[in-house]
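Come along and check each entry as you read.

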Amino acid sequence: MPSGQLPLRAGAGFKPEHFAAISAARQPAGFFEVHAENYMGAGGAPHSQLKFIRENYPLSLHGVGLNIGSCEPLDRAHLARLKDLCGRYQPESCSEHLAWSSSGGIYFNDLLPLPYTEATLRCVVAHVDEAQNGLRRRLLIENPAAYLRFEESTIPETEFLEAVARATGCGLLLDINNVFVSARNHAASPQAYLDSFPLHLVGEIHLAGHFAAEADGGALCVDAHGSPVIEAVLALFDRVIARTGPLPALVEWDNDLPQWPVLLAEVNKVQERLCRAAASHKDAAAA
Amino acid sequence: MQDWQANFARALLDRELPPPPGVSAPNSTGAPERFGVYRNNRMVSLLGALEARFPAARKIVGTEFFKAAARQFIAAHPPRSPIMIFYGDAFPEFLESFKPAQGVPYLADAARLEAARARAYHAADAKPLCREALAAVPGEALADMCFTLHPSIEILSSPHPIVTIFAMNTGTMDLAPIVDWHGEHALILRPEYEVEIRRISAGQAAFLRSLAKKNPLGEAISAALAAEANFDPANSIALLFSRLAIAMVRNGAGGVPA
Amino acid sequence: MISKTEISAATLAAALALLAVPASAQQTGGAKAGKEKCYGVALKGQNDCASKGVNSCAGQSKADYEGTAWKYVPAGTCETIKTPKGTGSLAPIKG
């Protein structure tokens with residue numbers, strides 16, 4: 001089934017809770033994405049289910065533990081596991097985060113922020129290079145959801161991502177919910193962020209729900225992936241794909257999982273927007 | 001390591017510390033609360049991983065006690081690997097020596113059973129031998145055969161009725177007083193996709209432990225009979241060929257696995 | 001030398017007879033529905049890229065295990081399970 005790249009369609013994060021529903025009939029989902037680390041056991045049900053997904057849909061492997069944003073050396077054993085998984089399933093896309101998750105041998109199980117400086121840029125570039133060389137494939141690197149920022153940062157995040165891509169040849173995964181969440185958390189404009197984002201490098205888009213609270217420092221948005229994508233995020237998505245044309249677009253839902261039809265309805269909503277963007281793009285090209 | 005990363009990591013692990021220097025929220029007072037989101041993400045996700053892997057242990061002591069114990073375990077044994085499906089292998093040992101849980105002496109073995117269950121769940125796939133494999137062994141050679149057991153298999157022997165306790169705390173058996181309190185041996189096995197937890201006899205446990213050490217079948221039967229006079233070899237041989245063994249080779253021969 | 005245990009023809013025959021019963025009938029729980037049998041029921045993975053929310057303050061509260069006071073007692077089904085030493089959360093064993 002591997003066709004080289006994800007289709008320009010809407011996909012869903014695959015959750016084992018949805019397997020029965022998904023496998024019961026052909027689903028109108030363009031692709032599925034899984035978190036790589038959940039499939040790093042040797043065998044059993046997780047692999048039998050992923051094999052089914054692989055055989056029937058395009059697949060995206062999304063890592064959360066490679067520690068790209070750390071200034072410590074990459075975990076070679078983990079990179080080898082990721083390589084094995086890529087070899088076993090031949091996913092159309094493989095992605096990771098501009099974040100760190102381990103330090104001093106301890107794994108934090110969270111995507112943690114880094115300052116954006118010339119020094120950290122060198123670390124990230126070296127890590128993406130090493131990962132791409134090890135995996136023998138191009139990675140997409142995702143913009144993080146941030147709750148804090150480092151005062152020592154000297155490079156805007158969009159420039160930092162573009163520099164990583166320029167130096168390593170990697171692509172970018174644009175998480176529009178993360179853009180919204182980070183902008184809100186820093187009293188900044190998500191649209192301004194997107195205006196400066198190197199959209200030509202985007203290989204996939206992520207969309208998810210978040211929740212908003214009031215906190216000491218003003219609005220606090222938490223990237224909880226436990227609710228529908230809000231309208232403001234979808235509006236940003238529309239503006240992005242109006243410029244780029246359709247892109248593979250994933251709906252992520254990790255907490256408070258709904259039944260599969262609810263998630264599928266979200267995917268369909270995104271698919272309709274992709275179709276509209278495709279139509280207006282075609283019109284623009286014809287004009 | 002860079003200062004920013006070391007400082008951030010230290011503050012994540014120690015809740016008494018303020019947020020690391022050099023991080024800020026849009027106003028001057030927000031940083032502690034925002035840094036708390038990261039601390040919270042870490043703690044909630046690690047607690048969630050332990051709760052998912054040890055539901056019977058949680059039921060036995062109650063959620064509040066379990067979470068408090070799990071927090072202490074997380075502080076003492078933070079994950080060393082990004083693969084969360086295996087986090088908590090050391091939790092049973094931790095519970096064993098955890099003073100506030102000493103009043104529940106069977107807790108650690110219940111957790112051991114659950115830890116093994118998760119390992120079995122993710123173990124490599126392998127096809128068991130079959131009736132034809134047994135029929136093909138010449139009768140006089142059977143006692144000399146050595147076996148490779150399925151990669152998911154673990155045997156747990158407890159001085160407590162651990163299989164019964166596990167069943168009662170995972171909803172497969174009604175919760176009731178265990179009047180006839182005696183030790184139990186558990187066989188943890190995943191023949192296809194579903195983990196089975198079977199109560200086995202002392203003889204069967206000795207039989208499987210002996211086979212796991214690559215002793216030939218005859219020797220394993222002797223070990224089983226020494227552990228349990230009523231051990232029934234036919235039954236265990238049938239189980240071995242139908243579900244437990246994935247390969248066999250004649251003792252001393254370099255032969256090809258069946 | 002360890003004395004060799006013979007496996008009698010009767011034992012072998014009995015084992016073969018037991019194996020003649022289809023494997024599915026030997027299983028507890030009987031045959032599973034098709035999909036489940038072929039793919040299994042996968043447990044939830046524990047790695048993802050979502051935040052866990054601020055509604056639970058697990059990461060923010062003061063360390064509740066520090067100092068000498070441990071305020072929790074086991075209070076789950078251990079209060080129901082009857083052991084040779086009595087029912088309920090047993091008196092803490094010192095040491």
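**Entry 1: a caution.** I reminded myself that this is a predicted model.

**Entry 2: chain C against chain B.** I began with a count: how many residues of chain C are in contact with chain B? I found 57 residues of chain C in contact with 68 residues of chain B. Together they bury about 5,500 Å², and carbon and sulfur atoms give 62% of that area. I looked for salt bridges between chain C and chain B, and the count came to 0. Polar contacts did turn up: 11 residue pairs across this interface, both residues at pLDDT 80 or more. Next I asked which elements of chain C give two or more residues to the side that touches chain B. They are α1 (9–20), α3 (34–39) and β1 (82–83) of chain C. The largest share, 8 residues, comes from α1(C). Sorting the residues on this side of chain C by class, I got 30 nonpolar, 18 polar and 9 charged.

**Entry 3: chain C against chain A.** Here I noted 18 residues of chain C in contact with 29 residues of chain A. The two chains bury about 1,800 Å² between them, with 57% of it on carbon and sulfur atoms. The side of chain C that touches chain A has 8 nonpolar, 6 polar and 4 charged residues.

**Entry 4: a helix in chain B.** I turned to α2 of chain B, residues 31–53, which has 23 residues. From first C-alpha to last, α2(B) reaches 34 Å, close to the 33 Å expected at 1.5 Å a residue. Is α2(B) largely enclosed or largely open? I found 18 of its 23 residues buried, so α2(B) is largely enclosed by the rest of the structure.

**Entry 5: one residue in chain A.** I picked Arg9(A), which sits in the segment before β1 (10–13) of chain A. Its relative accessible area is 34%, and Arg9(A) is partly exposed. Arg9(A) and Val270(A) are 261 residues apart in sequence, yet their C-alpha atoms are 8.5 Å apart in space. Leaving out residues up to four places away in sequence, I listed what Arg9(A) touches, including Pro28(A), Phe31(A), Leu247(A) and Gln271(A).

Technical notes:
Residues numbered from 1 in each chain as written. Chains lettered and ligands numbered in written order. Predicted model: local features only at pLDDT ≥ 70, side-chain atom pairs only at ≥ 80, totals over all residues. Heavy atoms only, no water. Helix = DSSP H or I, 4+ residues; strand = E, 2+ residues; numbered from the N terminus. Expected span 1.5 Å × (residues − 1). Buried < 20%, exposed > 50% of the residue type's maximum accessible area, 1.4 Å probe, protein only. Contact = heavy atoms within 4.5 Å. Buried area = accessible area lost by both parts, 1.4 Å probe. Nonpolar A, V, L, I, M, F, W, Y, C, P; charged D, E, K, R; others polar. Salt bridge = Lys/Arg side-chain N within 4 Å of Asp/Glu carboxyl O. Polar contact = N/O pair within 3.5 Å; in protein donor to acceptor, adjacent residues only side chain to side chain.
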